Amino acid sequence: MTGMPSGGPPPGSRYVDVRPYVIVDSLDQFHGPTAGVVVLDRWLDWSGSARYD
């Protein structure tokens with residue numbers, strides 16, 4: 001046993017090293033609904049409640 005969970009990140013790794021992300025240059029680059037409820041896919045939001053209004 002190595003102490004590392006099967007399929008998990010190495011011990012001591014940081015979130016930023018494991019999960020890729022993109023930052024936009026300007027908020028003008030965002031497109032999408034401006035009203036109502038948005039439900040994000042699980043790969044975008046794994047908090048348990050992916051509904052946002």
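## How much is buried

Of the 53 residues in this chain, 4% are buried; buried here means under 20% relative accessible area, exposed means over 50%, and partly exposed is in between (1.4 Å probe, protein chains only).

## Ground rules and confidence

This is a predicted model, in which local features need pLDDT of at least 70, side-chain atom pairs count only at pLDDT 80 or more, and totals for chains, interfaces and linings use all residues. Residues are numbered from 1 along each chain as its sequence is written, and side-chain values use heavy atoms, with hydrogens and water left out.

The predictor's confidence in each residue is its pLDDT, on a scale from 0 to 100. The chain has a mean pLDDT of 80, with 89% of its residues at 70 or more. Confidence is highest in β1, at 90, and lowest in α1, at a mean of 78. A word of caution: where pLDDT is low, the predicted coordinates should not be read in detail.

## The fold in brief

You'll find one helix and two strands in the chain, in the order α-β-β from the N terminus on. These are DSSP runs numbered from the N terminus: helices are H or I with at least four residues, strands are E with at least two.

## The loop between α1 and β1

Ile23 sits in the loop between α1 (15–18) and β1 (38–39). Ile23 counts as exposed because its relative accessibility is 66%. Together with Val16 and Tyr21, Ile23 makes a nonpolar surface patch of about 330 Å². Patches take residues with over 30% relative accessible area and no salt bridge, joining like charges within 9 Å and nonpolar side chains (Val, Leu, Ile, Met, Phe, Trp, Tyr) within 5 Å.

His31 is also placed in the loop between α1 and β1. With a relative accessible area of 74%, His31 is exposed. Its side chain reaches the backbone oxygen of Gln29 at 3.5 Å.

## A salt bridge

How many salt bridges are there? The count comes to one, taking a salt bridge as a side-chain nitrogen of Lys or Arg within 4 Å of a carboxyl oxygen of Asp or Glu. The side chains involved are those of Arg14 and Asp17, at 3.2 Å, N to O. Arg14 is exposed at 53% relative accessibility, and Asp17 is exposed at 51% relative accessible area.

Definitions and conventions:
Accessible areas come from the Shrake-Rupley method with a 1.4 Å probe; for residues, only the protein chains shown count as cover. A polar contact is a pair of N or O atoms within 3.5 Å; within protein, one must be able to donate a hydrogen and the other to accept it, and residues adjacent in sequence count only if both atoms are side-chain atoms.
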